[in-house]
Amino acid sequence: MNIILKIIRYQIHDISRSKWLVFYTLFFFLITYGLTSFSNDQSKVILSLLNVSLIIIPLVSIIFGTVYLYNNKDFIVLILSQPIKRSVLYLGLYLGLVIPLSFSFVIGTLVPLIILGNKIPVQFTLLIFLFAAGLSQTIIFVSISFLIATWNENRILGLGLSIFTWLVFSVLYDGLLLLIINVFQSYPLEKALIGFSIFNPVDLARIIVILKLDVAALMGYTGAVFQKFFNTNLGIIISIMCLIGWTVVPLIIGKRKFSKKDF
Amino acid sequence: MITIDNLNKWFGAFEVLKGISAEIQKGSITYLVGPNASGKTTLIKSILGLVKPTRGTIILDGEKLNGNFSYRKKIGYMPQTASFPENLTVEEIINMIKDFRETSTTYDEELIDKFSLHKEFKKRLKNLSGGTRQKVNACIAFLFNPEIMILDEPTAGLDPVSSSILKDKILSEHKNGKTIIFTSHFLSELEELAEQVIFLLEGQIRFNGTKDKLINSTDKHNLERAIASIMIEG
């Protein structure tokens with residue numbers, strides 16, 4: 001346990017000096033600052049922030065994670081030649097990446113909201129949901145990126161797979177859903193749609209926040225069905241379980257691969 | 001003592017180690033030699049637990065290696081290429097490894113002094129030259145007074161002065177009773193440093209014995225020619 005904290009500490013030292021992390025923080029800062037300056041309605045600001053975050057966070061997390069593991073391969077070998085357990089190193093590297101990325105997102109978003117806080121009142125519940133959505137994407141996509149980088153020795157292939165995974169969850173999946181809705185429009189698809197949405201972590205986070213924004217009424221009958229499902233205890237439990245599953249399953253498979261791997 | 005018994009390693013369809021058996025005595029200094037891709041690094045990495053053998057066993061001081069990790073506190077390893085997180089400083093990296101090996105209390109910082117690394121301590125690793133990184137690498141391997149030193153091409157990339165500092169250090173550690181295993185492509189180092197020689201060729205041991213025995217086994221008069229003649233015979 002002690003060792004894991006040490007690994008995390010040194011990794012945070014390393015990553016927090018990376019210029020990419022500074023860009024990442026700055027990006028959220030500018031977006032939030034811009035959106036808040038233009039609008040007086042914080043629900044709208046948060047909805048826009050949510051849409052931007054749900055594209056950018058998965059992309060940055062999955063690419064940063066993959067590249068980080070490939071770039072530090074020799075260093076991982078050096079650490080593994082010390083008396084350190086492989087699974088401890090894997091979890092240490094994972095948390096050491098998730099923590100600065102999450103921090104970067106929260107700081108980048110929170111600071112402009114505080115600076116401009118006197119202009120519009122801050123809606124804390126909404127903000128917490130936005131952060132929860134962003135953080136869930138960070139922990140899920142870093143976990144997936146570690147699995148991809150551990151599984152593939154070839155970094156070009158690994159990076160390609162990472163970008164493809166992001167593309168599937170962010171773009172292709174929704175496109176496919178729209179296609180299905182269009183083809184089967186004469187059938188009652190609402191329940192099936194709930195099922196489909198649960199299997200995409202990006203959609204899941206989006207739906208939960210949108211329902212909290214009380215704009216679900218605009219989504220028509222489907223919105224009503226979603227509202228009914230996600231507002232029950234069962235719905236909330238199932239969605240949280242799915243988000244946890246999306247984090248833990250890749251992490252466990254990746255850790256197992258990492259423990260058996262040849263370096 | 002390290003006992004290697006019938007070690008086999010396949011990478012996909014490629015057999016890198018073909019039944020290696022050898023004993024490395026405590027306090028000996030062993031030179032692992034062989035052409036490129038003969039399995040030297042794979043053998044070293046198997047001892048370190050970095051590569052998982054397909055078949056066969058390695059026993060280190062009576063402890064069988066099977067994914068355990070605490071035995072590595074006895075080993076100092078200097079890998080072929082040195083690479084570190086680019087944004088950390090030399091001082092941080094050394095402190096980090098010290099932190100990971102919390103059991104050691106006395107550190108052997110002789111190499112840090114001799115390489116005058118102190119003046120590089122505040123520099124970030126990405127700003128260091130390849131040779132300086134290799135020096136950091138060497139310092140880390142010797143820092144903990146390990147009983148077993150595994151050095152994979154230790155002098156590659158070092159200038160002649162640093163190279164001789166490192167060789168002197170290796171010899172003095174050998175006198176202190178350390179077990180040393182090293183690889184190199186410079187046969188002059190074999191003349192200078194080694195007592196035992198393990199010659200690997202295409203994943204098999206072609207020769208295992210003392211330096212003198214190696215010279216006598218061929219009709220050549222020096223090591224370089226003796227090794228070259230084994231390589232040609234195949």
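Leu7(B) stands opposite Ile20(B) in strand S2 of chain B. The model is predicted, so local features need pLDDT of at least 70 and side-chain atom pairs count only at pLDDT 80 or more, while totals for chains, interfaces and linings use all residues. Residues are numbered from 1 along each chain as its sequence is written, and chains are lettered from A and ligands numbered from 1 in the order in which they are written. Helices (H or I, at least four residues) and strands (E, at least two) are DSSP runs, numbered from the N terminus.

**Confidence**

- The model has an ipTM of 0.84 and a pTM of 0.88.
- Chain B has an average pLDDT of 85, and 98% of the residues score at least 70; pLDDT is the predictor's confidence in each residue, from 0 to 100.
- Among the elements of chain B, S7(B) has the highest mean pLDDT (91), and helix H8 (residues 223-233) has the lowest (76).

**Antiparallel sheet of chain B**

- An open sheet holds 4 strands of chain B in the order S2-S1-S4-S5, with antiparallel pairing; two strands pair if DSSP finds at least two bridges between them.
- Strand S2 (14-24) and strand S5 (63-64) of chain B are at the edges with a single partner strand each, so one side of each has no neighbour in the sheet.
- Strand S1 (residues 2-11) of chain B is joined to S2(B) by 8 bridges in the antiparallel sense.

**Strand S7 of chain B**

- In strand S7 (residues 148-152) of chain B, 5 of the 5 residues are buried, so the strand is largely enclosed by the rest of the structure.
- A residue is buried if 20 or more other C-beta atoms lie within 10 Å of its own, exposed if 12 or fewer, and partly exposed in between, with C-beta atoms placed from the backbone.
- Ile148(B), Ile150(B) and Asp152(B) lie on one side of S7(B), Met149(B) and Leu151(B) on the other, and all are buried.
- Strand S6 (residues 75-78) of chain B runs parallel to S7(B) and is joined to it by 4 bridges, with Tyr77(B) as the bridge partner of Ile150(B).
- Strand S8 (residues 179-183) of chain B also runs parallel to S7(B), joined by 5 bridges, and Phe182(B) of S8(B) stands opposite Leu151(B).

**Nonpolar core**

- The largest nonpolar core has 125 residues, of which Ile93(B), Cys139(B) and Ile150(B) touch the most other members.
- Helix H6 (residues 124-151) of chain A gives the largest share of this core, 13 residues.
- Such a core is a set of buried Ala, Val, Leu, Ile, Met, Phe, Trp, Tyr and Cys residues joined through C-beta atoms within 7 Å.
- Beyond its neighbours within four places in sequence, Ile150(B) is in contact with Ile44(B), Ile47(B), Leu48(B), Ile75(B), Tyr77(B) and Ile181(B); contact requires C-beta atoms, placed from the backbone, within 7 Å.

**Contact between the chains**

- Chain A puts 21 residues into the contact and chain B 23 residues.
- On the side of chain A that touches chain B, helix H1 (2-16) and helix H4 (73-80) of chain A are the elements that give two or more residues.

**Positive phi in chain B**

- Asn145(B) is not a glycine, yet has a positive phi of about 50 degrees; Asn145(B) is in the loop between helix H4 (130-142) and S7 of chain B.
- Asn145(B) counts as partly exposed because it has 14 C-beta neighbours inside 10 Å.

Conventions
Two residues are in contact if their C-beta atoms, placed from the backbone, lie within 7 Å.
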